[in-house]
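Please open the model in your viewer and keep the selection tool at hand. The tour moves from one selection to the next, and each stop says what to look for there.

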Amino acid sequence: MQILLKNIQVVAPSSPFHGQQQDILIENGIIRQIGKDISAAQARVVSGDNLHVSLGWTDLFAHFSDPGQEYKEDLQSGVDAAAKGGFTTVMIVPNTQPALHTKAQIEYVLSRTRYSAVQVLPIGAVTKNLEGTSLAEMYEMKLAGAVAFSDGLKPIQSPGIMLKALQYVKAVNGTIIQLPDDLSISAHGLMHEGIYSTQLGMPGKPGIAEELIIQRDLELAQYTDSRIHFTGISTRKSAALIADAKGKGIKVTCSVTPYHLSLTDAHLVSYDSNLKLNPPLRTAEDVQALRDAVKNGVIDCFATHHLPQDWDAKQVEFEYAKNGMIGLESAFGVYRKYLPEVSVERLIDMLSIQPRKIFGLPELSLSEGAAANLTIFDPEQEWVLTTGHLASKSKNSAYIGADLKGSVKGIINGQYAQL
């Protein structure tokens, strides 16, 4: 199999061809030649105006609902959604039924996705059955292929358990991913606690529920000298706390979702259940602070928090709707539209380089002789998201019908290509 990318702009700072327009010939999953005016009679030619290519993108927090809730998403439809969004690697949360909390469950995911266009990497559960009371078999899961550890959508509430987990993963050079949320404060909230929750008569989730967990876990990470990653941070103070911790040398990194960079609690006046999320949408001031944190490097990378929900889970009263929104297919279009001051090069660094660095994934290369792991995109094309763009089994996206900027044209991952 040969693929020839014609006159394509290279966005890969580690490549000698960065910033240049080149032809790239890929044969049997290997980059064979990079140069001008390459011809290959048998190759499938990919060309077009303003095509760009980068190293493959990685998402670090997605839910594929398999095993247990395959009617919402399964491993194959999750892979298709990721490829549609330009991702060649996806880390999936352990909130399945049964949970990904044993070596056998990790092996199930890896064996089912071994020959997929997208590399699916399971995140192992920190606690048995995600119950938050006793540690799971993290060492065995690490040996089996778990890329990190988290209780995913169920934040670790016990400081004692978090302390033990941080101490434990240090021995295997692992990282704990925490979705910061103190459930003793936020458990009954439906949206951000503020002016709009008062106007709409809905119980609120205050930002302090997130910030207290971040403060606590930063202390524990400093005490253990272990690595922690906060995903889905959503408030101005959360970003400030993490910036301060980085200045102290604490081993902390963080990611933000597309939703918290683009939408506010004001959007909930429509009672759109697709906007019922956890963490909830915050204020316009919080959104601006998060955008600034992306620009100044406090936020290391992005995480889609792709969370499929079936029709019945969303088409009910807001109070009873399940949390979550799908996000893989629309992510790049949201980042480009709502972060206009952030360069394409910086966005690509956050999508392709930083996640792999944080979680110790093998470094990729855009050079002759390297395995092809590439994302092809047009950073300027404006488009409207429709259900036709969605490969996910679920359609719970608040961006359907929205104008976005920056479209994905396809991925190449070894011998697999979706173009």
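This is a predicted model: local features need pLDDT of at least 70, side-chain atom pairs count only at pLDDT 80 or more; totals for chains, interfaces and linings use all residues.

Residues are numbered from 1 along each chain as its sequence is written, and side-chain values use heavy atoms, with hydrogens and water left out.

**Stop 1**

Select residues 21–27, which form strand E2; helices (H or I, at least four residues) and strands (E, at least two) are DSSP runs, numbered from the N terminus. Five of the seven residues of E2 are buried, so this strand is largely enclosed by the rest of the structure, where buried means under 20% relative accessible area, with exposed over 50% and partly exposed in between (1.4 Å probe, protein chains only). Strands of a sheet pair through backbone hydrogen bonds, either parallel or antiparallel.

Which residue of E2 is the bridge partner of Leu 4? It is Leu 25, and Leu 25 also stands opposite Gln 33 in E3. Strand E3 (residues 30–35) runs antiparallel to E2 and is joined to it by five bridges. In the hairpin of E2 and E3, two residues lie between the strands, and Asn 28 takes a positive phi near 50 degrees.

**Stop 2: the sheet E6-E7-E8**

Next select strands E6, E7 and E8, which form an open sheet in that order with parallel pairing. The edge strands are E6 (57–62) and E8 (119–122), each of which pairs on one side only, and the twist averages 20 degrees from one strand to the next; axes are lines fitted to C-alpha atoms, for helices over the stretch in contact, and angles run from 0 to 180 degrees between N-to-C directions. E7 (residues 87–92) is joined to E8 by four bridges, and Thr 89 stands opposite Gln 119 in E8.

**Stop 3: helices H7 and H8**

Select H7 (residues 208–224) together with H8 (residues 236–247), which pack at an angle of about 10 degrees with their axes 9 Å apart. The two helices are therefore roughly parallel to each other, a term used for angles under 35 degrees, whereas over 145 counts as roughly antiparallel, 65 to 115 as roughly perpendicular and the rest as oblique. Residues that make the contact (heavy atoms within 4.5 Å) include Ile 214 and Leu 218 of H7 and Leu 241 and Ile 242 of H8.

**Stop 4**

Finally, select the four strands of the open sheet E9-E12-E13-E14, whose pairing is parallel. Strand E9 (175–178) and strand E14 (301–302) stand at the edges, each with a single partner strand, so one side of each is left without a neighbour in the sheet. Four bridges join E9 to E12 (residues 227–231), and Gln 178 stands opposite Phe 230 in E12.

Not counting residues up to four places away in sequence, His 229 touches several residues, among them Leu 60, Gln 178, Cys 254, Cys 301 and Phe 359.

Definitions and conventions:
Two strands pair if DSSP finds at least two bridges between them.
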